[in-house]
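The report that follows describes the fold of one protein and the charged pairs on its side chains. It begins with the terms on which the description rests.

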Amino acid sequence: MAKAVVWGGMLIIALGGMFYGMKMLNADQGELVGYAIGAPDSNNECDLQVIVTTMMNFTDGPEETISPQSATPNWALWAERHFVVIDDATGQQIPFRKGGFQSKDISEMQFGSAEVILHAKLEAGKTYTMHYVRDDQMPEKYVKKLTGAAKEFRRETFEPDY
């Protein structure tokens with residue numbers, strides 16, 4: 001009888017551990033976002049460069065202005081809805097502007113093909129919080145703390161914030 005109780009207890013612990021592990025695996029692990037921060041310029045500003053990949057806008061791409069000759073994506077509006085940088089000291093939102101497909105601080109070999117590179121000016125030495133919203137129709141937001149200082153390109157995990 002005592003052995004059955006011990007085995008039953010071990011089974012309950014094993015099953016509980018298995019379900020806990022499954023819960024942790026299914027939890028939101030965050031979002032990888034590639035970015036770099038350039039060295040401060042003569043105005044003491046650093047250029048934050050964020051790589052927008054094809055998968056980032058796959059489900060919620062930019063609105064397009066369609067003309068007989070072409071369709072032009074509105075990257076400014078897309079960036080405004082999906083990336084927000086807030087100055088931690090003042091609470092002011094730092095606007096992004098659309099760059100091209102190349103960066104002076106990030107080699108193409110590091111990020112592959114980008115849909116677009118977004119740029120924002122950060123004041124050197126200040127701290128910022130960058131938010132990434134995967135789909136503006138969903139509640140998921142991801143957040144990362146930044147400092148206005150030169151930083152080489154890397155893909156870093158933005159933590160869930162919802």
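## Terms and basis

Axes are lines fitted to C-alpha atoms, for helices over the stretch in contact, and angles run from 0 to 180 degrees between N-to-C directions; contact here means heavy atoms within 4.5 Å. Helices (H or I, at least four residues) and strands (E, at least two) are DSSP runs, numbered from the N terminus.

The model is predicted, so that local features need pLDDT of at least 70 and side-chain atom pairs count only at pLDDT 80 or more, while totals for chains, interfaces and linings use all residues. Residues are numbered from 1 along each chain as its sequence is written, and side-chain values use heavy atoms, with hydrogens and water left out.

## Overall architecture

The secondary structure of the protein consists of 3 helices and 11 strands, which follow one another along the sequence in the pattern α-β-β-β-β-α-β-β-β-α-β-β-β-β. Among the contacts in the protein with a separation of 6 or more, 58% are between residues 24 or more positions apart.

Of the 162 residues, 34% count as buried, where buried means under 20% relative accessible area, exposed over 50%, and partly exposed in between (1.4 Å probe, protein chains only). The accessible surface comes to about 10,100 Å², and carbon and sulfur atoms contribute 58% of this area; such areas come from the Shrake-Rupley method with a 1.4 Å probe, and for residues only the protein chains shown count as cover.

An open sheet of 9 strands, with antiparallel pairing, has the order β6-β5-β9-β10-β11-β1-β2-β8-β7. Its edge strands are β6 and β7, each of which pairs on one side only; two strands are taken to pair if DSSP finds at least two bridges between them.

Strand β8 (residues 116-123) has 6 of its 8 residues buried, and is therefore largely enclosed by the rest of the structure. It runs antiparallel to strand β2 (residues 45-52), to which 8 bridges join it, with V52 opposite V116 in β8. Strand β7 (residues 97-98) also pairs with β8 in the antiparallel sense, over 2 bridges, and here K98 stands opposite L118. Elsewhere in the sheet, strand β9 (residues 127-133) is joined to the antiparallel β10 by 7 bridges, and V133 stands opposite K141 in β10. Helix α2 (residues 75-82) lies across β2, β5, β7, β8 and β9, and runs at about 60 degrees to β5.

## Salt bridges

Side chains of opposite charge can pair when their charged atoms come close. With a salt bridge defined as a side-chain nitrogen of Lys or Arg within 4 Å of a carboxyl oxygen of Asp or Glu, a search of the whole structure finds 8 of them. In one, D88 and K145 have their closest N and O atoms 3.3 Å apart; D88 lies in the loop between β5 (83-87) and β6 (93-94) and K145 in strand β10 (residues 141-147), so the pair ties together parts that are 57 residues apart in sequence. D88 is partly exposed, at 32% relative accessible area, whereas K145 counts as exposed at 59%.

R154 and E156 also meet in a salt bridge, at 3.9 Å from N to O. R154 is partly exposed, with a relative accessible area of 40%, while E156 is buried at 12%. Both residues belong to a network of salt bridges that links K144, K151, R154 and E156. In a further salt bridge, K126 and E123 have their closest N and O atoms 4.0 Å apart; K126 is partly exposed at 22% relative accessible area, and E123 is partly exposed at 41%.
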